[in-house]
Amino acid sequence: MIPRPNLFLVKFSLVNIFPGNKHSLRPFSSDNTPLPIVTELISNQHWGRLKTHLQNENPITLLQQLLDSRSDPCLTLRYYKWSEKEFNISHSLEHSCMLLHSLANSKEYSRMRSFLHYFLKNDNPISVSSIFHAISISGDSFFAGSIIADVLILAYVNHMKSDLGFEAFKRAGDYGFKLSVISCNPLLSALDMKAWAIMPDVIAYNTLIGGYCKKGQIGKMYKADAILKEMIVNEVRPNEITFNILIDGFCKDENLSAAMKLDDAFCMLDEMVGSGLKPNVVTYNALINGYCKKGKMKEATDLFDDVVRQGIAPTVITYNTLIDAYCKDGRMEDALALRESIVDRGIFPNVSTYNCLIAGLCREGNIAVLRKLINEMQNKGVKVDFVTYNIMVGALCKDGESRKAARLLDEMIKIGLRPNHVTYNTLMDGCCREENLRAALNVKTRMEKEGMRANVVTYNVLIKGLSKKGKLEEANGLLNEMLEKGLVPNRTTYEIVKEEMVDKGFVPDIEGHLYNISGS
DNA sequence: GTAGGGTTAG
């Protein structure tokens, strides 16, 4: 038997392979403030200790640093509120808007709502026009600005200040922010203009349908389909995007009784064509991906040929879908050849193309080609991203090289790439596999120091590691911590620590979702 | 919950 090559023999340092990345070195935190320590104190609500830390510092400067350092906006929000109360200060309008922008970019809509509620609570005398000025200068995302305006109007209406809400409505128009039915309907009702209430438009319906398609429960597509019918009844015409969302949803629905069929997706395609809409490359990408993910490579390539015959130009995503499928099917030569051939069609492999191939080569343990491919990326000026690092961290962990994987984590931070949950969770899993529980727990501490909160996967990995080594008490401690933090355990949690979960009153329902019979 | 397709974690 040929021994599996040790991945790290390649001297796998993406920085060494990518000298170009060295120039983009960014400091992780400012030199004079130990930001990770501060974020940890905020995260654990150690306000007394934080106050000691702040003795010689301006609380406003710290807010500025938290905002500048891309810290978790929820954490920054917590500090914002605490510092206002503790030091009896009011943070500036601009800082408040910066925080709103970062909450909007993180899709923390309910926190935005409560923040604006808090902001307007004390009969805030700041004029609507100053607020809009601050919104426009404190962030560069037009999209986030629109959401802030939306939530602001809603907050005015909820505070019985519909005159100010109406003023904000007009200002939003001046700045070109796009408002939604979420704020406009309540505003119009407040102004007793019910007759003019805005019907949800195609974008609102598509958003709603997309929301159902993303959820993983049984019957989600039934509900999504019901909304399609509802929009037609309300005389809102579905467009290409509506059908693309639905087709993609059906392709990814794992709960269909006949999992190997793609009937529903193709019924949708018929309905789309029947409505006079023309399927585009996005439609076919979703269908090709559906075939690929169900292991039907023949059908996938036939459909691809059909698309080309129709004169629809495949995109890099079409090719990435096929390349990834070849890789996962063990057909690395086909995958590599396809990546070479697309250049002739004027399509250039991007970082995702390389990520698919790198993941495939790692699975095979084909280090020689892996090294060649990474050189090629460098020559073609395609920069590695955090997914590339996540793949490599995963590969090293699988090889029992979690310490080397940890070095890659350091490296990615050094070159200014931000690790995500996948990075930390993968590394923790690697440490657990090597029964190095202390290292795994250290990774969790580190992730929290950097302002990233542990998620359900984090806890599942650690609880599994601890239980496997018989440390049931500690595992139970983490399970409690997870529940205290308001995280919802899932099926995996249940499978790992069934007894403890049952003790706590959790039972899975028919769909595998957990609910708590003790009512808490 | 702020409209669509591809790559990474339990």
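**Salt bridges and cores in a predicted model**

The side chains of Glu376 and Lys380 form a salt bridge, with N and O 3.7 Å apart; the term covers a side-chain nitrogen of Lys or Arg within 4 Å of a carboxyl oxygen of Asp or Glu. This is a predicted model, in which local features need pLDDT of at least 70 and side-chain atom pairs count only at pLDDT 80 or more, while totals for chains, interfaces and linings use all residues. Residues are numbered from 1 along each chain as its sequence is written, and side-chain values use heavy atoms, leaving out hydrogens and water.

Glu376 is buried at a relative accessible area of 17%, whereas Lys380 is partly exposed at 48%. Buried means under 20% relative accessible area, exposed over 50%, and partly exposed in between (1.4 Å probe, protein chains only). Both residues belong to a network of salt bridges that also links Arg339 and Glu340. The whole structure has 19 salt bridges. Another of them joins Glu448 and Lys444 (3.4 Å, N to O); Glu448 is buried at 15%, and Lys444 is buried at 8%.

The largest nonpolar core has 99 residues, and Ile247 and Ile358 have the most contacts inside it. Such a core is a set of buried Ala, Val, Leu, Ile, Met, Phe, Trp, Tyr and Cys residues joined through side-chain atoms within 4.5 Å. Beyond its neighbours within four places in sequence, Ile358 is in contact (heavy atoms within 4.5 Å) with residues including Leu370, Leu373 and Met377. A second, separate core of 49 residues includes Ala134 and Leu179.

Key: Chains lettered and ligands numbered in written order.
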